[in-house]
Amino acid sequence: MCLGFPVPVLFNAQPLSQRFAEAVELIEKNGITFMSCTPATYRLIVNAGWKGARRFKLTSAGDTFPRHTVNELRALGVDVWNSYGPTETTVVCTMYHVTED
């Protein structure tokens, strides 16, 4: 993917809870404004203490996006997009901007 800016990638041997705390720190320290991952990953990042951001946009794919998670992210000021694409191709075919409760 060509984005025109650095893309941080987290990978290490720390316990899972520490990695998500590290992700929260990285997001906040670097002013990251876009992320794409599964709904479960968003849940873990919020549980690790992420408070959201008004300019933050996220897309989610790979699993059902629970309404309570969407609502919590939107309450944090996050612009939420749900996407879908065949898992075996890792390509997003459709996206829906989630704007209603």
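These entries record what I looked up in this structure.

**Basis.** I worked from a predicted model, in which local features need pLDDT of at least 70 and side-chain atom pairs count only at pLDDT 80 or more, while totals for chains, interfaces and linings use all residues. Residues are numbered from 1 along each chain as its sequence is written, and side-chain values use heavy atoms, with hydrogens and water left out.

Buried means under 20% relative accessible area and exposed over 50%, with partly exposed in between (1.4 Å probe, protein chains only). The core has 17 residues, of which Trp50, Leu58, Leu73 and Val80 touch the most other members. At least two core residues come from each of α1 (16–30), β1 (34–37), α2 (39–47) and α3 (67–75). Helices (H or I, at least four residues) and strands (E, at least two) are DSSP runs, numbered from the N terminus.

**Trp50.** I listed its contacts (heavy atoms within 4.5 Å). Beyond neighbours within four places in sequence, Trp50 touches Val24, Ile27, Glu28, Ile45, Phe56, Leu73, Leu76 and Val78.

**Helix α3.** I found Thr69, Val70 and Leu73 buried in α3. Down the helix axis, the buried residues of α3 fall within an arc of 100° (taken from the directions from the axis to the C-beta atoms), so they line one face of the helix. The face turned away from that buried side carries the exposed residues His68 and Ala75. The buried residues of α3 pack against α2, β2 (57–60), β3 (79–84) and β4 (94–98).

Methods
Core = buried A, V, L, I, M, F, W, Y, C linked by side-chain atoms within 4.5 Å.
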